[in-house]
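Please open the structure in your viewer and keep a selection tool at hand. The tour below goes from one selection to the next and says what is found at each stop.

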Amino acid sequence: MSAIHLQNLVKRFGPFTALRTMDLHIADGEFMALLGPSGCGKSTTMNMIAGMEEPSEGQILFGDRDMAGVPMGRRGVGFVFQNYAIFTHMTVRGNLSYGLRMRGAPKSEIDRRVGAVAELLQLTPLLHRKANRLSVNILQRVAIGRSAIMEPAIFLLDEPLSNVDAAFRAVMRTELKHLQREFKQTMVYVTHDQLEAMTMADRIAVMDHGVLQQVGAPLDVYNNPANLFVARFIGAPGMNLLPGRPAESDGGLVIDLGPLGISPPLPEGIAAVLRGSNGEVFYGFRPEQVTRSVDGRGLAMPVSFVERIGARTIVHLGEGERSVKAVFENDAGAVVGETLVLVPDAASVRVFDAGSGRAVMAEG
Amino acid sequence: MTMATLPSTLAPAVPADKPENESARLGFRLTLPAQILVLFIAVFPLLMQLYISLSDWAPLSGVEWWNAWELWNSFANYSDLAADTRFWSALWCTALVMVICVPAEFLLGLALATLFADDFPGKRVFYSILLMPMMVVPAVAGYMFFMLFQSGGPVNDILSALTGRTVAIAWLSDPTLAFIAVVIADIWQWTPLMFLILLAGLVGVPDDQIKAATLLGANAWQRFTTIVLPKMKTIIIIALAIRVIENFKIFDTLFIMTGGGPGVATETISVYVYKVTTQDLIWGYVAAIALAILVVLSVVAVFAMKRMAKARELAA
């Protein structure tokens, strides 16, 4: 087992910078998800950890061992590829035993370890099967088993669920999480699917354009996004963000949202930091954290579209940059054209500086 | 004629009792023209050849070929063939060329393909140059090598320059050296084809499987033998089958360089058949030789196809 330290990691491909100064410390036995849209640098980071690519600058340490110049076959890293990269011309046994065979392990040891891993992953009845006609969940288990048999300290998974259909993904998520508990390795999991990151990871590292945006526990990232990107990216749909400026009112500091009127008073912590400034900000709240006003006070906005997705209803209101979404647990009975008055849950309101994009954090 | 019957087949609603039978009959009618064509270009000549091979028929024997039964000689052609030392020597020569050329072309082609699977400066230029021998008309290539291997030719000039002595080897007049020259010409001309086919196979090997093998600790040689070669098996068999069959028929380059000589030192099956056909004019015998070759090649082809199907099954 091993912790991973990425220090000032930079990767350039010619003039293109795929990753700029990444600092990330992954604890021993931790399940870390690298989350971000395509091209954010998450796979590049992963490939550098595995040794498939050399960093342009910076260091990668496993525990206190510097990995510079250590070839990928000697890093003790298990890697599960997006499409599993199963050796289709071999049997399941051939795949599982591959690493041990290449290192010239004695036959008795190979048989013992293949047996143990197969038992753990429920592959025993499939050992003699050719790997070219197996279903995806079995392929995934073979891919994991093939790496796990080498007892790597670190497991890297590159979007292993992106080829799987939605129903199956839910099953596999549970299975993967279960496997990690079984093997207790440090796991780095690359994904663009926040649901996967949220449900499986101990911590999430959100990345965009080669820059690490925020690292934190899933709920922490969800509740306290560090900046506008994270606020928009995390959550389905993402956080509502309305442009405005701070203003004083009878009830305390509010955000003047222009044509939409003023927001309900801000929580005291944020208000204290914001008071006195007049810069443009974004007023943010989660679509799930709104209620319909009972006294007519709140944000009055016309309904533009209603999305019913079974248990929940997503109501789109307003238009352009002054549009928001509200998620209701039941069929809200909203009708297009009707004006709804929304009240964001006061405690979960977040404010972002429009210039820097950073969240305004309550002090202390 | 077959087309005219089509509408009447299609017009009635599909009869309820035997629809498969009906569609099979329609299929037969649709493929009939192609089948007739195949009959004429493959089956008919084959039967004609078989027929003639059982007679002493020759273009100058005074009877039309369909009356060759008048010259029936039972199986004399085949028994002659079994005793024909020149035929066996030609077969031996052909086999010898093949067992030297095909493996050499394969190994060279594989080495070059491995080299070209990675990027290096000037790759495109070298790639074009490398493919050029294949584009040269075999007769021209034959003439080129004929000139190169003259006793006053460039090959001897280079050897003279290297050794510092005047070298005047009569390459094409010495049985062994002529054979070597012919082999060199064949390898020169056909390595590119091998290279091209093997390169296609090599780039088709999934990159992530190679990476996966590397991550599991396999070294370069282990990756090559456990991942690359098994994945290329089908294409290797195709490449070898093509070259074995083509090489068995080796003729044009060789004929221009040596004419099968000196003596019969480089006389391959094709050269022998050519000589019997054009000089001895005993076509009944030629037909018998050709059929014998066909049988040999068919066995090779069937074997190759079986291995191919099996390899595809394994590699899929």
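This is a predicted model: local features need pLDDT of at least 70, side-chain atom pairs count only at pLDDT 80 or more; totals for chains, interfaces and linings use all residues.

Residues are numbered from 1 along each chain as its sequence is written, and chains are lettered from A and ligands numbered from 1 in the order in which they are written.

**Chain B**

Chain B has a radius of gyration of 26 Å, whereas a compact globule of 316 residues would have one near 20 Å; the radius is taken over C-alpha atoms, and the globule rule is 2.2 Å times the number of residues to the power 0.38. Of the 316 residues of chain B, 26% count as buried, a residue being buried if 20 or more other C-beta atoms, placed from the backbone, lie within 10 Å of its own.

**The interface**

Next, show both chains and select the residues where they meet: 19 residues of chain A are in contact with 17 residues of chain B, contact being C-beta atoms, placed from the backbone, within 7 Å. On the chain A side, strand 6 (77–80) and helix 2 (92–102) are the elements that give two or more residues, and helix 2 of chain A provides the largest share, 3 residues. By class, this side of chain A has 11 nonpolar, 6 polar and 2 charged residues; Ala, Val, Leu, Ile, Met, Phe, Trp, Tyr, Cys and Pro count as nonpolar, Asp, Glu, Lys and Arg as charged, and the others, Gly among them, as polar.

**Domains and strands of chain A**

Now select 4–86 + 134–223 of chain A as domain 1 and 240–353 as domain 2, with bounds that come from an automatic or database domain assignment. The C-alpha centres of these two domains of chain A lie 36 Å apart.

Which strands of chain A does strand 11 pair with? Strand 11 (residues 240–249) of chain A pairs in the antiparallel sense with strand 13 (residues 281–285) of chain A over 5 bridges, pairing requiring at least two DSSP bridges, and Leu241(A) has Gly284(A) as its bridge partner in strand 13 of chain A. Strand 11 of chain A is also joined by 5 bridges to strand 12 (residues 252–256) of chain A, again antiparallel, and these two strands of chain A form a hairpin with 2 residues between them. To finish, pick Glu248(A), which stands opposite Leu253(A) in strand 12 of chain A.

Technical notes: Two residues are in contact if their C-beta atoms, placed from the backbone, lie within 7 Å. Helices (H or I, at least four residues) and strands (E, at least two) are DSSP runs, numbered from the N terminus. A residue is buried if 20 or more other C-beta atoms lie within 10 Å of its own, exposed if 12 or fewer, and partly exposed in between; C-beta atoms are placed from the backbone.
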